[in-house]
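Please look through the sequence and the structure shown here.

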Amino acid sequence: MSERTPPAAPSGRTLRAEIARLLPYARRHAALFVATIGASVLLAVIDIPIPFFLKKVLDAVLKHHESARLFGRELTPRSFLLGIFASLLALAALKAVTLYVQRVVSETIGQRMIQELRLDLYAHLQSLSMGFFKGARTGRVMLRMMGDINAVLDMITDGFLRTLMDIVTISAVTITILVLNAKLALLVLAGLPLYAWAFLRLSPELRETGRLARRERSELSGHLQETIAGAAVVKAFAQEPTEKLRLASQTERLRDHLIDKARIGGRLSALAHLAIALGGALTLWIGGNAVIDGTMTKGGLMAFYALAVMLFPPM
């Protein structure tokens, strides 16, 4: 299980609003965008056939059948195992190539969009009045130019693409297990509403604490920039104790925001693990009884369990 903190929008706007603002930049790289989407969708479903190979091995070869069928062909057990090996190897090779393409293409489009964003932001910065620069903190502006825009890149790669892959994986696996065993699938899916409720309830709090922490970090960066640059003035007026108290207050607020974020994320992780445990326990309990009753094969149970495991990690 890989629980992730939902990527927060770089400001108080919603994630959907931020993605909408980025679409004009994505349209400039339409071919790369389509390639990234295609590779991501393929990666989301490429592991689904693996449990069915496991099912075939358990139901055919381990029962000491004299022959087994693979891709419509009747094979001896040894030839069958060789075919399974070759299929898994080919699937792994395809996944490796797809993963490479997805990583390179997504990073390429992300970095190109970030470059264009920085240039547009710098052009906007140059158009501002002198009054803005008299009141602006250099450290805060630098953080916006570098840190906040990097947060946008994280939102593109770890936000949009990961969300897309999760939706495709969950949808494909759900359909597959419903076809494989509808009754058992509905029991396994019973754990999803618990996590969905927790995710919908806690995600806004996670985004808000992330936004507050980023704002406090921006303030802290601006304060440090001013203090270090004006160290001579601070010492000349003996303001070291005042600046120290000010810095302590800012670091305490930043610490509290980050602890709150970890606390909320921990609650989400705990509920997610509970949902996983419930789904796995139901699979083995109900599925094991089905094997005893003869309505499900051992290979079918192992394939179903493997698919159920694939269902939960994206969450």
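Arg263 and Asp260 are three residues apart in helix H10, so about one helical turn separates them. The model in which they sit is a predicted one. The side chains of Arg263 and Asp260 form a salt bridge, with a distance of 3.6 Å from N to O. Arg263 has a relative accessible area of 43% and is partly exposed. Asp260 is also partly exposed, at 28%.

This pair belongs to a set of eight salt bridges in the structure. Another one joins the side chains of Arg255 and Asp256, at 3.1 Å from N to O. Here Arg255 has a relative accessible area of 45%, which makes it partly exposed, and Asp256 is partly exposed at 35%.

A further salt bridge links the side chains of Arg253 and Glu216, with an N to O distance of 3.1 Å. Arg253 lies in helix H10 (residues 240-293) and Glu216 in helix H8 (residues 192-229), so this bridge ties together parts that are 37 residues apart in sequence. Are the two partners buried or exposed? Arg253 has 36% relative accessibility and therefore counts as partly exposed. Glu216 has a relative accessible area of 9%, and is therefore buried.

The wider setting comes next. The protein has eleven helices and two strands. In sequence order the pattern is α-α-α-β-β-α-α-α-α-α-α-α-α. The protein has 315 residues, of which 36% count as buried. Among contacts with a separation of 6 or more, 80% are between residues 24 or more positions apart.

Leu187 and Thr283 are 96 residues apart along the chain, and their C-alpha atoms are separated by 7.8 Å. When residues up to four places away in sequence are not counted, Leu187 touches Leu282 and Ile286. The relative accessibility of Leu187 is 29%, so this residue counts as partly exposed.

The crossing of the two is right-handed. By class, the contact of H10 with H11 consists of six nonpolar residues, four polar and one charged.

H11 also packs against another helix. Helix H3 (residues 50-59) and helix H11 (residues 298-311) lie at an angle of about 160 degrees, with 7 Å between their axes. This angle makes H3 roughly antiparallel to H11. The crossing of H3 and H11 is right-handed. H3 contributes Pro51, Phe52, Leu54, Lys55, Leu58 and Asp59 to the contact, which meet Lys298, Gly299, Gly300, Met302, Ala303, Ala306, Leu307 and Met310 of H11. Nine residues in the contact of H3 with H11 are nonpolar, two are polar and three are charged.

The last pair of helices is made up of H2 (residues 30-45) and H4 (residues 77-127), which pack at an angle of about 145 degrees with their axes 9 Å apart. The crossing of H2 and H4 is left-handed. Which residues of H2 and H4 meet? From H2 come Leu32, Phe33, Ala35, Thr36, Ala39, Ser40, Leu42 and Leu43, and from H4 come Lys95, Thr98, Leu99, Gln102, Val105, Ser106, Thr108, Ile109 and Arg112. The contact of H2 with H4 divides into nine nonpolar, six polar and two charged residues.

Note on methods:
Residues numbered from 1 in each chain as written. Predicted model: local features only at pLDDT ≥ 70, side-chain atom pairs only at ≥ 80, totals over all residues. Heavy atoms only, no water. Axes fitted to C-alpha atoms, helices over the stretch in contact; angles between N-to-C directions. Helix = DSSP H or I, 4+ residues; strand = E, 2+ residues; numbered from the N terminus. Parallel < 35°, antiparallel > 145°, perpendicular 65-115°, else oblique. Left-handed = near helix turned anticlockwise from the far one by under 90°. Contact = heavy atoms within 4.5 Å. Nonpolar A, V, L, I, M, F, W, Y, C, P; charged D, E, K, R; others polar. Salt bridge = Lys/Arg side-chain N within 4 Å of Asp/Glu carboxyl O. Buried < 20%, exposed > 50% of the residue type's maximum accessible area, 1.4 Å probe, protein only.
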